[in-house]
Amino acid sequence: MAKKALLIGVSQYEAGLPPLAAAPKDVAAMQRVLQDSELGAFDEVKTLIDPDLEKMQTAIDLLFQSCQKGDLGLLYFSGHGITDDSDRLYLATRRTSKDTFRSTAVSASFIQGIMRDHSYQRQHVLILDCCYSGAFAEGWLAKSADINLKPQLEVEGSVVLTSSTSTQKSYEDKEGELSLYTNYIVQGIESGAAESDGDGMISADELHEYAKRHVQSAKPAMKPEIYGIRQGIKICLAKARVDAKLEYRRLVERYAENGEISFVGQDILEVQRERWGLSDGVAIAIENEVLEPVRQRFKNLERYHRTLEKAVKYQFPLSKNVSDELKDLQEVLGLRDEDVTPILERVITPYATNKAQRQSVIKGLVAVSKLKAAQEIKKQSESNIKKKSVVQIEQPKKELSDPSEFLFRLSRREFITTIAGLSGISVVAFAATRGKPSTPETAITQSPSASTSPIASPTIIKESPTTLPTSTTSQTSSPSSIDTPKSSTPSPSPIDTPKLSSPSQPQDFTVDLGKNVNLDMVYIPGGKFTMGSPPEEKGNEDERPQIKDVNVSAFYMGKYEVTQAQWQAIMETNPSSFKNNPQNPVETVTWDDAQEFCKKISQKTGQEFRLPSEAEWEYACRAGTTTAYSFGDSDSLLGKYAVYERNSSSKPNPVGQNREPNPWGLYDMHGNVWEWCQDRYEKYGGESDLIRRTGKPVTTTNNNKFRLRVLRGGSWSNSARDCRSASRFSHDAHLSWFNPIGFRVVCVLL
């Protein structure tokens, strides 16, 4: 039996249809898994990117013509799907526009006819990750194939997988990653997790069930469908990779609920992890991958709740404009009516004068999916109506019945940009100073002379001029640059030159913790840098996109990771697993434990000690460099600076022992133990970047659905890649079973 596939992705279109950046990437990802001899093992995989009508129809015809008796033919399409007034589906080509789709797009009936003509004793699989025109403003582009596909595409011996039903949306990541549905199709094959019946093969129906389950965890309103499966019939698409990671993933899925793993489940997973020899880092990565869609859903619910509360506090009853935009927000976040109704009940009830008013408001806010879908189809067929879209050129004008509505209806970003512009300051400076008095910490864009006094030292702290190796070369008085303090390591190139707010650099200091235990603190000059890894660096996706112009105020940071001796001096306990040396970093500590340590040392000294923000941590780690490590791009020298998997003997080492510091005199910023940061874990590229650009931590409420906090630096059990300056990881703030976790403190002296 031969296996042949045609993969079509259309990203560019004519007028009226927005581009879909993910389509070519969808095709490349599908090609990778289908061609892999250990996975899809397809004999022939052809790709077609941005074809016109003739090329697309010809390629589809040739695919099914070439399939002989017993062969498997797979057709995959990622792009826009458009429907006419009779609900007939068309797959758009690069020549398709909103008004010419009947003559420039491939009709579903054409595909059906080709498949039917060549269906005798053949197996056909059609996977549609398609949309019809339109795009929503934030995060995800809406994609939908709004018709009843079953009678049009179902033929004998064929299976049709669709990314949504006839009235629901499919989604494409705005940042250009894979479409949501395709992402889980690929993941199900690549990981082997889609295989469910133990036969070692992934069938079309198993792949569908896997993708559907994960898609709906992320976007409950999206409901992938499958047509053509008959009882006892299996069409096998790929071989399943069965390994310890896959089995662990299945266990995580089994014991996960509402984005968290039960306490009993955690114990079961720990036992199995040890039995299968999985490292903690690998296990946590799998857990995060499984739980992330559900956590994202809770994040979307929280966002909707927060926005609704703001709207109701500002104006009740809500105006029609605000109500319509709340409906749009519900759709952008992929929330169902049943998801938002309990939120509406909680928020609206205190403001409604009676039950009738409450029910009326809620009824008006709940988006009726089928009605809205019908309205959107009608809008698409009326060329004189421009649909509100992220890609529209001319914004429709709206007259506000109440001019004060304008203030509420501005997004946070628009509000900050508008007010900052009126005030004559930068967006970053305004965002940092909202609700706070102007200080050297928040007024980032003030002239250097506005913040020239050195930071004062506390009375109980001893100055340590020799703590940080410094250059004997005099510093320039230019406020836009500094001479990086020299260590025994040459400074790598290129360098992001920090910008000092003061030409004079305060001294490092040492805190006497009692019991002959000291805590050395190193002065870190304020400045500006680029956060995250560049595309050419072999980093992880959560390190991108890079965040430019991150402003960090001056602070002090622990020269070393907090040691077991220091922990015992403050906490009078030792939670560590490796207690052979009091100069080892304290480990097996939760984020909550680190907070308690900071609280107690602050009380003891009368100064503010805390965990660093993620921006502060990376800024201090880089020490003015832009390379993968603080000493350059090559990991061949990493052993001189870090304790990691190749030199650790599977345990932590005493802090700083036989290792070089980074250019600013900090030890073990690469390796030894992962280090907690103050921030909650959140991907780059969203609104949280506005906070990071101020150097402040990304914080959250006490909602236990968002317990992940940021870890930085890698550990003794990690690879060189995990020890890079930009590498980031996450862990539950309340759990301590992952022993390579420690921390270092920072101090801000006012």
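## Around leucine 735

Author: Leucine 735 is buried, with a relative accessible area of 14%. The cut-off matters here: a residue counts as buried when its relative accessible area is under 20%. Keep in mind that this is a predicted model.

Where does leucine 735 lie? Its place is the loop between β24 and β25. Leave aside the neighbours within four places in sequence, and leucine 735 is in contact with Gln266 and Thr590. Leucine 735 and arginine 707 are 28 residues apart in sequence, and their C-alpha atoms are 9.7 Å apart in space.

Now take the strands on either side of that loop. β24 and β25 belong to an open sheet of four strands. The order is β24-β23-β22-β25, and the pairing is mixed. β24 covers 728–732, β25 covers 741–742, and both stand at the edges of the sheet. Each has a single partner strand, so one side of each is left without a neighbour in the sheet.

What joins β25 to the sheet? Two bridges connect β25 to strand β22, residues 674–680, and the two strands run parallel. Tryptophan 674 stands opposite isoleucine 741 of β25.

Helix α10, residues 280–314, lies across β23 (708–712) and β24. The helix runs at about 75° to β24.

Rolling a probe the size of a water molecule over the atoms shows where empty space is left. The structure holds five cavities of 30 Å³ or more. The largest cavity contains about 170 Å³ of space. Its lining has 18 residues. Which of them lie nearest the centre? They are Ile261, Glu287, Arg295, Asp732 and Leu735.

β14 (260–261), α9 (263–276), α10 and β24 each supply at least two residues of it. Helix α10 gives the largest share, with five residues.

Now follow the chain back from β22. Most residues other than glycine have a negative phi, and most peptide bonds are trans. Alanine 623 has a positive phi of about 55°, although it is not a glycine. This residue is in the loop between α20 and β22. Serine 649 is found in that loop as well. Serine 649 also has a positive phi, about 55°, and is not a glycine.

Serine 649 is exposed, with a relative accessible area of 61%.

The cis bond is elsewhere. A cis peptide bond joins arginine 544 and proline 545, with omega at about 0°. Proline 545 is in the loop between β18 (527–531) and β19 (547–552).

Strand β8 covers residues 158–162. Five of its five residues are buried, so β8 is largely enclosed by the rest of the structure. Ser158, Val160 and Thr162 point one way, while Val159 and Leu161 point the other way. Three bridges join β8 to strand β11, residues 225–227, and these strands run antiparallel. Leucine 161 has isoleucine 226 of β11 as its bridge partner.

Finally, the whole chain. It has 21 helices and 26 strands. Of its 750 residues, 54% are buried. Take contacts between residues at least 6 apart in sequence: 73% of them join residues at least 24 apart. The accessible surface comes to about 32300 Å², and 49% of that belongs to carbon and sulfur atoms.

Methods:
Residues are numbered from 1 along each chain as its sequence is written. This is a predicted model: local features need pLDDT of at least 70, side-chain atom pairs count only at pLDDT 80 or more; totals for chains, interfaces and linings use all residues. Side-chain values use heavy atoms; hydrogens and water are left out. Buried means under 20% relative accessible area, exposed over 50%, partly exposed in between (1.4 Å probe, protein chains only). Contact means heavy atoms within 4.5 Å. Accessible areas come from the Shrake-Rupley method with a 1.4 Å probe; for residues, only the protein chains shown count as cover. Two strands pair if DSSP finds at least two bridges between them. Axes are lines fitted to C-alpha atoms, for helices over the stretch in contact, and angles run from 0 to 180 degrees between N-to-C directions. On a 1 Å grid over the protein atoms alone, a cavity is a set of points where a 1.4 Å probe fits but cannot get out, and a pocket is an open set with protein on both sides within 12 Å along at least five of seven lines; lining residues have an atom within 4 Å of a point. Grid points are joined across faces, edges and corners, and a volume is the space filled by probe spheres set on the points.
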